[in-house]
Protein chains: 2
Amino acid sequence: MSEHAPPSPDTEGPTSEEVLESGRLRRAFVADVLAALHSDDTDSVQTLVEQLHPADIADLIEVVDAADRDALIGALGAKLDGDVIAELNDWVREEVLRLLTPADLADVVTDLETDDAVAILQDLDAEDQQEVLKAIAPEERVAIEDALTYPDDSAGRIMQRDVVTVPEYWTVGQVIDSLREDPDLATDFWEIFVVDPQHRPIGTIRLSWMLRTIRSVLVSDVMQREQTLIPAAMDREDVALRFQKYALISAPVIDASGRLVGVITVDDVLHIIAEEAQEDIMRLAGAGDADINEPVRDAVRSRMRWLVINLCTAVLSSIVIGAFADTIAHLVALAILMPIVSALGGNAGTQTMTVAVRALALNQLSAANAARIVWKEVQVAFWNGSALAVLAGGATALYFHNPCWGWCSGLR
Amino acid sequence: MSEHAPPSPDTEGPTSEEVLESGRLRRAFVADVLAALHSDDTDSVQTLVEQLHPADIADLIEVVDAADRDALIGALGAKLDGDVIAELNDWVREEVLRLLTPADLADVVTDLETDDAVAILQDLDAEDQQEVLKAIAPEERVAIEDALTYPDDSAGRIMQRDVVTVPEYWTVGQVIDSLREDPDLATDFWEIFVVDPQHRPIGTIRLSWMLRTIRSVLVSDVMQREQTLIPAAMDREDVALRFQKYALISAPVIDASGRLVGVITVDDVLHIIAEEAQEDIMRLAGAGDADINEPVRDAVRSRMRWLVINLCTAVLSSIVIGAFADTIAHLVALAILMPIVSALGGNAGTQTMTVAVRALALNQLSAANAARIVWKEVQVAFWNGSALAVLAGGATALYFHNPCWGWCSGLR
């Protein structure tokens with residue numbers, strides 16, 4: 001969430017509107033960049049990307065293929081800053097980081113807020129991580145090392161350490177003056193946290209409330225005491241659910257003793273919600289943590305795992321069918337009807353499973369309503385099963401001119 | 001995103017922490033509420049829910065079954081306000097709205113911000129909608145009717161109309177004074193929009209920037225000129241992608257002539273991202289727009305549709321198998337091996353389809369990289385297909401003691 005200086009009006013590069021079409025890079029623009037790259041025209045590349053938002057530069061790096069990507073990264077030079085790298089897709093980021101020296105990386109990381117810096121560093125192997133950390137200024141390094149002590153995917157990893165805090169006996173005027181005077185403060189924040197002498201959060205002030213209040217009012221009279229506190233060890237998926245449920249913009253993160261140690265802001269949560277939904281979808285489809293940027297090698301491996309499990313379950317079906325080999329030899333219609341039974345059974349199961357998995361992910365399914373939901377699914381299964389049995393059974397009886405077969409097939 | 005008054009310290013009801021366990025209602029708490037309901041003890045119910053956040057009251061209404069729900073809604077009385085209804089799951093909300101009179105509904109809707117009011121009213125049938133609108137104060141009514149003229153699921157439906165705007169020649173001090181003096185202004189906002197004399201947005205000021213700047217500085221010197229403008233007709237899914245991509249907190253909505261007509265804030269976008277991901281998952285599983293709160297009747301109907309399509313495709317497979325009935329009668333092993341071929345083919349297809357569908361939903365797949373992605377999927381299919389063919393073929397040859405069968409089965 002860092003600030004981008006407005007472009008000076010005399011730059012020549014195309015603006016975002018000329019480059020984007022319904023949120024995606026125009027094909028013609030990508031072609032222009034590739035043409036400039038292929039003729040080694042670094043200046044043209046730099047002019048083309050000049051006015052782009054870091055997120056769009058990240059898209060550009062993702063969209064070109066691996067061969068052009070190396071050249072593009074070379075040509076981007078200083079435009080490839082921390083903000084661009086923080087926006088990159090995980091798979092592509094890994095590739096880009098491999099091309100940077102530890103010293104380059106340290107420069108990139110130093111510009112970022114702690115949470116983005118941690119997101120980049122946590123994917124490096126231990127040795128590279130140490131080397132980059134050594135090249136970072138001590139103060140920033142301590143913050144990053146501290147964040148890395150929290151478990152993967154916990155609130156402690158995604159929080160920012162720069163929090164604006166005030167004591168409750170201050171007035172609104174004192175808060176505004178202190179904000180104006182302290183040059184080291186974060187530039188972007190949405191809420192101010194009120195803390196007690198032990199640095200425990202006791203209230204929140206939204207900036208809009210403070211701006212609408214006259215200077216003499218006490219902080220304790222503007223603040224909202226109801227707060228959603230996030231323990232630093234909380235899983236990021238739970239953090240995202242809290243933000244959704246209570247419509248939070250930012251939330252204070254506390255350590256085990258209740259002291260305020262950081263803040264999580266909603267822009268980071270947007271990414272988490274999208275990533276967690278992506279993870280759920282991909283795992284339901286047995287495609288690992290894939291997306292289209294996953295390299296062939298990793299995609300083969302992650303999908304293979306699920307296909308092999310599938311092979312084993314399919315072999316189980318085959319063994320069952322094998323036990324009835326003699327019957328099938330006498331009555332081939334059984335083999336003909338098999339796919340209908342397995343397809344419908346499989347799909348009805350997938351429907352119920354998906355609804356249940358999502359309800360768990362969204363915290364909708366709990367001990368308090370589990371029995372009711374199971375009973376609902378039983379009813380749905382009964383009605384759909386009955387209707388399809390009549391349909392498939394009737395069709396079978398007509399087709400084979402044998403009412404008994406229809407009846408048996410209908411019963412499944 | 002409305003403000004909740006802090007509870008007075010002398011209330012007796014349990015606090016959120018006592019009621020919730022990892023974000024879900026404790027089973028014991030729900031049991032307490034049900035016990036009070038069953039003994040017609042309205043006062044106890046009111047005391048129990050006294051300190052709950054509207055989102056938690058909505059959860060409580062969702063979690064009890066249909067029979068208790070009517071009684072609960074009666075017992076909640078004034079606690080069942082617009083904020084609670086806005087938080088309800090779509091299916092449950094429909095049920096609750098049926099229990100309220102148009103006059104009650106008008107009261108509820110009047111308390112809400114336009115976007116939440118529209119979300120509730122748009123689901124009513126035309127007649128009820130008119131009746132509720134008639135009972136709402138004219139000013140509010142015009143805003144709601146205006147919102148309803150925008151297409152379903154467009155930015156115009158989800159935006160708020162209360163926008164804080166200032167001209168660029170004002171100073172920071174003038175802005176702060178006007179915020180303090182205007183009692184009609186929205187309480188919760190995160191950014192102020194700078195407009196030209198035609199009311200077109202020309203810049204954005206984050207409140208934190210304004211608080212950190214001295215009073216004499218001009219608005220035009222604090223504002224950021226780079227903005228992401230949202231046309232009112234834009235689909236809400238595209239709006240959500242813009243928020244994610246550019247880490248926005250709020251964004252100005254413009255009409256066809258470029259005038260500022262509203263603002264969309266990130267808390268509404270959180271819900272959209274979650275809902276759209278839910279929709280994608282459910283449609284991939286052929287379960288319609290389901291969730292666990294969908295009534296049995298609707299669930300049967302929406303899932304049946306997909307199961308019938310499935311029945312038809314399964315019949316196609318059966319017809320193909322039927323064409324080889326004589327061969328199968330001679331060689332039953334073919335019938336035994338069938339599920340392996342169909343299971344692996346189906347699952348590998350699902351993996352590729354899911355990756356592609358998600359990439360389209362997240363704006364990652366475009367004309368610029370389509371060829372590369374297709375080529376990647378072909379390679380993955382080749383390697384996984386070859387490996388599984390060797391595995392399944394080898395196992396078949398060993399099992400049936402017939403290398404030729406293994407070879408043919410391996411070839412698929």
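First I needed a term: two strands pair if DSSP finds at least two bridges between them. I also noted that this is a predicted model.

**Entry: the sheet**

I began with strand S4 of chain B, residues 191-195. I found 5 bridges joining S4(B) to S5(B). These two strands run antiparallel. I picked out one pair of residues: B:Phe193 stands opposite B:Thr204, which lies in S5(B).

Then I looked at the whole sheet. I read its order as S3-S4-S5 in chain B. The sheet is open, has 3 strands and shows mixed pairing. Its edge strands are S3 (165-167) and S5 (201-206) of chain B, and each pairs on one side only.

**Entry: where the chains touch**

How many residues of chain B are in contact with chain A? I got 112, and they meet 112 residues of chain A. Helix H20 of chain B (residues 333-361) gives the most to chain B's side, with 17 residues. I sorted that side by class: 67 nonpolar, 26 polar and 19 charged.

**Entry: a helix pair**

I turned to helix H17 of chain A and helix H17 of chain B, each covering residues 266-284. Their axes are 10 Å apart, and they pack at an angle of about 5°. Angles under 35 degrees count as roughly parallel, so H17(A) is roughly parallel to H17(B). I listed residues in this contact, among them A:Leu270, A:Ile273, B:Leu270 and B:Ile273. By class, the contact has 14 nonpolar, no polar and 2 charged residues. A:Asp280 and B:Asp280 are also among the residues that make the contact.

Conventions
Residues are numbered from 1 along each chain as its sequence is written. Chains are lettered from A and ligands numbered from 1 in the order in which they are written. This is a predicted model: local features need pLDDT of at least 70, side-chain atom pairs count only at pLDDT 80 or more; totals for chains, interfaces and linings use all residues. Helices (H or I, at least four residues) and strands (E, at least two) are DSSP runs, numbered from the N terminus. Two residues are in contact if their C-beta atoms, placed from the backbone, lie within 7 Å. Ala, Val, Leu, Ile, Met, Phe, Trp, Tyr, Cys and Pro count as nonpolar, Asp, Glu, Lys and Arg as charged, and the others, Gly among them, as polar. Axes are lines fitted to C-alpha atoms, for helices over the stretch in contact, and angles run from 0 to 180 degrees between N-to-C directions. Angles under 35 degrees count as roughly parallel, over 145 as roughly antiparallel, 65 to 115 as roughly perpendicular and the rest as oblique.
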